[in-house]
Amino acid sequence: MSELSVRFAGIPFKNPVTVASGTFAFGREYVDFFDLSRLGGIAVKGLTYTERQGNRPPRIAETPMGMLNSIGLQNPGYRAFIETELPWLRRFDTVLIANITGATPREYAEMAEALGGAGLDLIEINVSCPNVKEGGALFGASAGGITEVVTACRRATDAKLMVKLSPNVTDIAEMAKAAEAAGADALSLINTLLGMRIDIATRRPILGNNLGGLSGPAVRPVAVRMVYQVAQAVRLPILGMGGIATADDALEFLLAGATAVAVGTATIVDPLAPIRVLEGLERHLHSTGESVGDIIGAVQMN
Amino acid sequence: MPPILEQGTIRRAERLCHNVIDLRIESPRIAREVQPGQFVHIKCADDLLLRRPISVCDVEDGQLRLIVEVAGAGTRWLYGRRAGEVLDLLGPLGDRGFPTPDARGGPVLLLGGGCGVAPLLLAAKCSPVAVDMVMGFTEKCRVIMEQDFKSCCRSLTVCTDDGSYGTAGFVSQAALRLLEQEDYQAVFSCGSMAMLKSVVQAVERADIPCYLSLDERMGCGLGACLGCAVKLRGEGGAEHYGHVCKQGPVFELREVVWDV
Ligand SMILES: Cc1cc2nc3c(=O)[nH]c(=O)nc-3n(C[C@H](O)[C@H](O)[C@H](O)COP(=O)(O)OP(=O)(O)OC[C@H]3O[C@@H](n4cnc5c(N)ncnc54)[C@H](O)[C@@H]3O)c2cc1C
Ligand SMILES: Cc1cc2nc3c(=O)[nH]c(=O)nc-3n(C[C@H](O)[C@H](O)[C@H](O)COP(=O)(O)O)c2cc1C
């Protein structure tokens, strides 16, 4: 094993750098920039039971070192993904992560079963999309809701399940424990923080959907804190994300207790961001003579 | 044509009027590929997260020409750039720019408002048929690029809202007069949403194709984040969201669903 490789929920990753759901579509837009096989993993755009058109524009508003989005899970539906996107994605030597949002536990379970059956390595259960009424945020907002969804998925498939936690809760560690108890194999965090911007000239919200999810460097300290708290509370491996743009950012998440990381908004700005994070990490490990495993959870509290 | 990341050196930075700058940027790889109507996505100040989309106005000797009007923090930063400085560019973007007119067809009518005249210059230069240009500005001191268009268009009409220069009135009014006199094969237009809507009203009656360059708040510029949504009418009339950065930025007016 190279110094970069990690095992995550029993799955070997060649390196801990993945791309976050919704910021990489199904990968096609990025093959012009780098070989997708260099990534540790790819989380595809959030899938729903049937096709969704997404929310009315504007869907993006910039904020101080961040952005609000209210895309609203525009996607072709999970069946179309399996038929048209998955065969293409399989040519890359990287861990493929499905990302699913259902309106009911039953929809989640059916999607998890089908995607597990289709050979997806890891299924990310999104119970935290703030932009859609049935975006799962309702489930992700309570331990009971998480238990319900994860239990249904666990019964439906043997595939590895990763629960994507919302930061829009009072106690994220409690949500993590509920996911662990219900049989999750891993956790990913954080999804976006619910936010709002108002155009002072028109006195209306900038986003067509009024509210949106905040991401980018602005959310990073919140994300690092939450990864740390969750790592203290459960034994599950964590995929950490929220504002990662450089290798130093990624190292913070690893130190806080993440086993792997995802680059999201940074890729929207710079298509090469995931590769820059990866190469920076490689250089860092080379210079300290450590492997990724030596860094995970190595933060020493004051 | 796959998009390219390129560091472009500014060769010339000329202020055309208050808050409008004309930039010539050495960017040979992007310049070689760019088509009329396409844009580049520019990283602005370090503390501004997202790139800003700017249409390519012209290409010459490996240089991109961009016209930028201050609208906020990012464009203000671009307005402050000087020759010798380097810009982080992503482009050329947009699968669909202005189409190439049919060489055997009638002339093309170009309608531009404010900075929206910029992308029409490359379209005019690349046209195999005669082009008539109508450009509109709020007032005399905002008029830009008059000479550029004069040298490549069959006719040029400059309008000002307040009548302080050229023809008084809006672009759409001048367009209506021209549409009555001439059998155009198509209309190309770019400008503010208010201007585009008046153009749409003027051209809808004429029953000729009208291609509009649209504006929407944009993320990646590549079609991945699905941010810059625009409502379109597909075959059979079903409505769906397309994306300005990928399917556009130029759309035929009848495929766009104009929400009021
Ligand atoms: C395809 C395309 C081509 C364009 N070509 C030109 C051009 O040639 N010359 C020119 O001067 N301007 C052009 N624009 C408009 C230009 O991109 C915006 O004025 C600019 O993004 C505003 O950024 P800002 O930081 O100055 O304003 P801010 O209001 O501070 O920007 C905040 C955020 O909102 C976005 N935003 C604000 N207004 C607009 C807008 N009208 N359109 C799109 N995004 C907006 C910004 O990109 C940024 O993400 C073009 C827009 C598009 C979509
Ligand atoms: C434009 C955009 C679309 C997103 N779509 C999804 C999605 O479909 N499913 C999901 O679980 N998370 C989605 N997210 C959240 C990201 O995966 C990630 O959790 C969040 O943005 C924080 O990471 P970042 O700051 O690196 O972007 C989206 C984020 C953005 C910016």
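Tutor: About 470 Å³ of space lies in the largest cavity of this predicted model.

Student: What makes that space a cavity?

Tutor: The grid test uses the protein atoms alone: on a 1 Å grid, a cavity is a set of points where a 1.4 Å probe fits but cannot get out. Points are joined across faces, edges and corners, and the volume is the space filled by probe spheres set on them. By this rule there is one cavity of 30 Å³ or more.

Student: Which residues line the largest cavity?

Tutor: A lining residue has an atom within 4 Å of a point, and 35 residues meet that rule, with Ser21(A), Thr23(A), Asn69(A), Asn191(A) and Thr192(A) nearest the centre. At least two lining residues come from each of strand 6 (66-69), strand 14 (211-215), strand 16 (260-263) and helix 8 (265-269) of chain A. Those names are DSSP runs numbered from the N terminus: helices are H or I with at least four residues, strands are E with at least two.

Student: How does the lining divide by class?

Tutor: It has 16 nonpolar, 17 polar and two charged residues. Asp, Glu, Lys and Arg count as charged; Ala, Val, Leu, Ile, Met, Phe, Trp, Tyr, Cys and Pro as nonpolar; the others, Gly among them, as polar.

Tutor: A word on conventions: residues are numbered from 1 along each chain as written, while chains are lettered from A and ligands numbered from 1 in written order. Local features need pLDDT of at least 70 and side-chain atom pairs 80 or more, while totals for chains, interfaces and linings use all residues, and side-chain values use heavy atoms, without hydrogens or water.

Student: Which residues are closest to ligand 2?

Tutor: Ser21(A), Lys164(A), Gly216(A), Gly243(A) and Thr265(A) are the closest of the 22 around ligand 2. To count as near, a residue needs a heavy atom within 4 Å.

Student: How do you know that Thr265(A) makes a polar contact with ligand 2?

Tutor: A polar contact is a pair of N or O atoms within 3.5 Å. A polar side-chain atom of Thr265(A) lies 2.6 Å from an oxygen atom of ligand 2, so the pair qualifies. A backbone N or O atom of Gly46(A) also lies 3.1 Å from an oxygen atom of ligand 2. The protein buries 98% of the 600 Å² that ligand 2 exposes when taken alone, with areas from the Shrake-Rupley method and a 1.4 Å probe.

Student: What makes Pro58(A) and Met145(B) stand out?

Tutor: Most residues other than glycine have a negative phi, and most peptide bonds are trans. Pro57(A) and Pro58(A) are joined by a cis peptide bond, with omega about -10°, and Pro58(A) sits in the loop between strand 4 (41-43) and strand 5 (60-63) of chain A. Met145(B), which is not glycine, has a positive phi near 60°. Met145(B) lies in the loop between strand 9 (131-137) and helix 4 (146-150) of chain B.

Definitions and conventions
1 Å grid on protein atoms, 1.4 Å probe; cavity = no way out; pocket = protein on both sides within 12 Å on 5 of 7 lines; lining within 4 Å. Polar contact = N/O pair within 3.5 Å; in protein donor to acceptor, adjacent residues only side chain to side chain.
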